[in-house]
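The questions below go through one structure, from its overall make-up to single residues. Each answer ends on the value or name asked for.

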Amino acid sequence: MEREGAPEREGAPERERNRQREPDRPTERERQHERGIALARAARGGDTLALHQLLDHLTPYIARICDPVARADAPDATQETLLTVFRSLRSLRDPRALYGWVRAVAVREAVRTAQRAARDRPAELAEVPGRGDPQLAADIDDVLARLSPAHRAVLVLRDVEGLDEQTAAALLGVPAGTAKSRLHRARSSFRKAWSA
């Protein structure tokens, strides 16, 4: 008497063997990563078309980093990052470090752009919700917008990008202790604003 699930179990070892073969094939992310590195090598060698393709290739990656940090000014931060990559690509010694280097540039530009925008745009009292106003906790974007750019940057690097404290501190250009205290304050401020 054959049970209903038996044929499925018989195919299980074959599926397991196929899964074991898959690591030999690169994932889409790995292929894209290698494509970026190849474009960086060609661009550093003077290939203008490769440089344009590289900038197009990096734009979504840069925007993903700049968006939560620079918020409404993310397009400006993305543009500034692309300009820096364009101007400084030849200073990149090892093309395999492309994504780490671009991430560092993007974070720096996003923080700088957000800080400049905050100085240029004074807060209107009517725009700032009062204490206990449910609008404070309406959504994550609203809560993130209330954090300083430095706090948003460390929060994004640690909790969204998943970087460790040492790496996040290096990207921000601050000591590890400073990054750790900023992260603590950012998380605390985020929790307070979220639960308000």
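Q: Among contacts in the protein between residues at least 6 apart in sequence, what percentage join residues at least 24 apart?
A: The model is predicted, and contact here means heavy atoms within 4.5 Å. Counting contacts between residues at least 6 apart in sequence, the share that joins residues at least 24 apart is 65%.

Q: Which pattern does the protein follow when read along the sequence?
A: The protein has nine helices and zero strands. Read along the sequence, the pattern is α-α-α-α-α-α-α-α-α.

Q: What percentage of the residues in the protein is buried?
A: A residue counts as buried under 20% relative accessible area. The protein has 196 residues, and the buried part is 37%.

Q: Which residues of the largest nonpolar core touch the most other members?
A: This core holds 51 residues. Helix 2 (28-44), helix 3 (48-70), helix 4 (74-88) and helix 5 (98-120) are among the helices that each supply at least two residues of the core. The members with the most contacts to other members are Leu58, Leu89, Leu98, Trp101 and Val102.

Q: Leaving aside neighbours within four places in sequence, with which residues is Leu89 in contact?
A: Leu89 is one of the core residues that touch the most other members. With neighbours within four places in sequence left aside, its partners are Ala40, Ala43, Arg44, Leu51, Leu54, Thr84, Leu98 and Trp101.

Q: Is Thr84 buried or exposed?
A: Thr84 lies in helix 4, and neighbours within four places aside, Thr84 is in contact with Leu89, Val105 and Glu109. Buried means under 20% relative accessible area. Thr84 has 17% relative accessibility, so it counts as buried.

Q: Are helix 3 and helix 4 parallel, antiparallel, perpendicular or oblique?
A: The axes of helix 3 and helix 4 are 8 Å apart and meet at an angle of about 140°. Angles over 145 degrees would count as roughly antiparallel, and 65 to 115 as roughly perpendicular. Helix 3 is therefore, relative to helix 4, oblique.

Q: How many nonpolar, polar and charged residues are in the contact of helix 3 with helix 4?
A: Helix 3 passes helix 4 in a right-handed crossing. Helix 3 brings Leu51, Leu55, Leu58, Thr59, Ile62, Ala63, Cys66, Asp67 and Ala70, and helix 4 brings Ala74, Ala77, Thr78, Thr81, Leu82, Val85 and Phe86. By class, the residues in this contact are twelve nonpolar, three polar and one charged.

Q: What is the phi of Arg71?
A: Arg71 sits in the loop between helix 3 and helix 4. Its relative accessible area is 21%, so Arg71 is partly exposed. Arg71 is not a glycine, yet its phi is positive, at about 55°.

Q: Which residues in helix 7 does helix 3 meet?
A: The axes of helix 3 and helix 7 are 8 Å apart, at an angle of about 140°, and the two helices are therefore oblique to each other. Their crossing is right-handed. From helix 3 come Pro68, Val69 and Ala70, and they meet Pro149, Arg152, Ala153 and Val156.

Q: How many charged residues does the contact of helix 3 with helix 7 have?
A: Pro68, Val69 and Ala70 in helix 3 meet Pro149, Arg152, Ala153 and Val156 in helix 7. By class, this contact has six nonpolar and no polar residues, and the number of charged residues is one.

Q: Which residues of helix 7 are buried?
A: Helix 7 is mostly covered, with nine of its twelve residues buried. Just after helix 7, Gly162 takes a positive phi of about 75°. The buried residues of the helix are Pro149, Ala150, His151, Arg152, Ala153, Val154, Leu155, Val156 and Leu157.

Q: How many Å apart in space are Ala114 and Val69, C-alpha to C-alpha?
A: Ala114, in helix 5, has 5% relative accessibility and so counts as buried. Not counting residues up to four places away in sequence, Ala114 touches Val69, Ala70, Pro149 and Arg152. Ala114 and Val69 are 45 residues apart in sequence, and C-alpha to C-alpha they are apart by 7.3 Å.

Q: Is Thr167 buried, partly exposed or exposed?
A: Thr167 is in helix 8. Thr167 and Ala179 are twelve residues apart in sequence and 9.7 Å apart in space, C-alpha to C-alpha. The relative accessible area of Thr167 is 32%, so this residue is partly exposed.

Note on methods: Residues numbered from 1 in each chain as written. Predicted model: local features only at pLDDT ≥ 70, side-chain atom pairs only at ≥ 80, totals over all residues. Heavy atoms only, no water. Core = buried A, V, L, I, M, F, W, Y, C linked by side-chain atoms within 4.5 Å. Buried < 20%, exposed > 50% of the residue type's maximum accessible area, 1.4 Å probe, protein only. Helix = DSSP H or I, 4+ residues; strand = E, 2+ residues; numbered from the N terminus. Axes fitted to C-alpha atoms, helices over the stretch in contact; angles between N-to-C directions. Parallel < 35°, antiparallel > 145°, perpendicular 65-115°, else oblique. Left-handed = near helix turned anticlockwise from the far one by under 90°. Nonpolar A, V, L, I, M, F, W, Y, C, P; charged D, E, K, R; others polar.
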